[in-house]
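Me: I would like to go through this structure with you and ask, for several of the labels applied to it, what they rest on. Please set each value against its criterion before drawing a conclusion.

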Amino acid sequence: IQEVRSGRPLHLCQRPHAHGCSSVYTLVAQQTHKAAAMAQVMVQSSAALAPTRVSLQKPASRTVAVAPRVCNGKAARQMMVWSPVGNKFFETFSYLPPLSDNEISKQVDYIVGSGWVPTLEFQEKDQAYAGTEFSRLSQPGHYSNRYWTMWKLPMFGCTDPSQVLTEIRNCTRAFPDSYIRLVAFDSVRQVQITGFLVHRPPGTSDYLAPDKRSLA
């Protein structure tokens, strides 16, 4: 034991003797095996936790696109401003002059041929246009300026365009001072497909010719 503490080489006995060298041999052997096992574990742990070498090379340069300078000053004289005075639009075909009876007939043929459901709606001229007044937007209930009154029922299963034209004439005769529009619904997609005016009240001043709708 004194030799172990002093650091001098220890000559272990090859066989046990009566003076107790067997216990010393066993103790030193156990400690040696434990130290060797711990050293092996530390070597493996150090290898597993070794940091990965990070490349510090300079990244490749990127080309930054520069947006072109925008200037429309010279093009301002080519722009037009839509006039809101006496120039009201009503859904589809509002950019066109009022449709003639022949043009309305062709649209009805297309609606019926597409399998859509034609429906007529009408509204008085002072309530037909959807304004932006706060009182109209804030009040609950039926908005007369948005949802017009329906003329009879939708023409489900209509395959004869002449029936639609007949109802347009009947509605015009009953309400000559109202706006009348023809709308078409798709029963499969459950949406309105189109809607356009087929009659305007006589003497209305809310329509401008296409060449006068925009001002320079």
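Reply: Let us begin with a loop: Lys152 lies between S3 and H5, in what is a predicted model.

Me: What makes the phi of Lys152 worth a remark?

Reply: Lys152 is not a glycine, yet its phi is positive, at about 55 degrees. Most residues other than glycine have a negative phi. Gln190, in the loop between S4 and S5, is likewise not a glycine and has a positive phi of about 60 degrees.

Me: Why is Gln190 called exposed?

Reply: The relative accessibility of Gln190 is 63%, and the term exposed applies over 50%, so Gln190 counts as exposed.

Me: What makes S3 and S5 the edge strands?

Reply: The open sheet consists of four strands in the order S3-S2-S4-S5, with antiparallel pairing. Strand S3 (149-151) and strand S5 (191-199) each pair on one side only, and they are the edge strands. Neighbouring strands of this sheet are turned by 35 degrees against each other on average, direction ignored.

Me: Which strands does helix H3 touch as it packs on the sheet?

Reply: Helix H3 (residues 101-113) touches strand S2 (117-124), S4 and S5, and its direction makes about 160 degrees with that of S5. Helix H5 (residues 161-174), for its part, lies across S2, S3, S4 and S5 and runs at about 10 degrees to S2.

Me: What is the mean pLDDT of the chain, and where does pLDDT stay under 50?

Reply: The mean pLDDT of the chain is 74, and 63% of its residues reach 70 or more. pLDDT stays under 50 over residues 9-20, for which the model has 12 contacts beyond four places in sequence, and also over residues 140-144, for which the model has five such contacts.

Terms used. Residues numbered from 1 in each chain as written. Predicted model: local features only at pLDDT ≥ 70, side-chain atom pairs only at ≥ 80, totals over all residues. Heavy atoms only, no water. Pairing = 2+ DSSP bridges. Helix = DSSP H or I, 4+ residues; strand = E, 2+ residues; numbered from the N terminus. Axes fitted to C-alpha atoms, helices over the stretch in contact; angles between N-to-C directions. Contact = heavy atoms within 4.5 Å. Buried < 20%, exposed > 50% of the residue type's maximum accessible area, 1.4 Å probe, protein only. pLDDT = per-residue confidence, 0-100.
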